[in-house]
Amino acid sequence: MEESPIYQEILEKGAKKGKLQILTRLLSRRFGTISAQLQGRLQALSINQLDDLSDALFDFSEISDLAVWLQNQQ
């Protein structure tokens, strides 16, 4: 069962949701409320991109840095 594609998809969705929640919380704590537009763009990221963002956010000094980073991901 653990090797089935459906099981793996469920695990991946759960992992993505957890990473997204943590990153959103960290970004909100650092920069305040995150706009709905930026939140939507965050939700569209892959798990690998969320991992990259978790490293990059330490270099952000303002919310516009996040917007630039997201723009570069497309």
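Buried, as I use the word here, means under 20% relative accessible area. A reminder to myself before going on: this is a predicted model.

**Helix H4**

I started with H4, which covers residues 63–73. Leu66, Trp69 and Leu70 are buried there. I then looked down the helix axis: the buried residues of H4 fall within an arc of 100°, so they line one face of the helix.

**H4 against H3**

Next I checked how H4 sits against H3. The two helices pack at an angle of about 150°, and their axes are 12 Å apart. I noted the crossing of H3 and H4 as right-handed. From H3, the contact takes in Gln49, Asp52, Leu53 and Ala56; from H4, I listed Leu66, Trp69 and Gln73. Sorted by class, the H3–H4 contact has four nonpolar, two polar and one charged residues. Two of the H4 names, Leu66 and Trp69, I had already put down as buried.

**Salt bridges**

How many salt bridges does a search of the whole structure find? I got one. Asp51 pairs with Lys19, with the closest N and O atoms 2.7 Å apart. Asp51 lies in H3 (residues 47–56) and Lys19 in H1 (residues 5–31), so the pair ties together parts that are 32 residues apart in sequence.

Technical notes
Residues numbered from 1 in each chain as written. Predicted model: local features only at pLDDT ≥ 70, side-chain atom pairs only at ≥ 80, totals over all residues. Heavy atoms only, no water. Buried < 20%, exposed > 50% of the residue type's maximum accessible area, 1.4 Å probe, protein only. Helix = DSSP H or I, 4+ residues; strand = E, 2+ residues; numbered from the N terminus. Arc of directions from axis to C-beta. Salt bridge = Lys/Arg side-chain N within 4 Å of Asp/Glu carboxyl O. Axes fitted to C-alpha atoms, helices over the stretch in contact; angles between N-to-C directions. Left-handed = near helix turned anticlockwise from the far one by under 90°. Contact = heavy atoms within 4.5 Å. Nonpolar A, V, L, I, M, F, W, Y, C, P; charged D, E, K, R; others polar.
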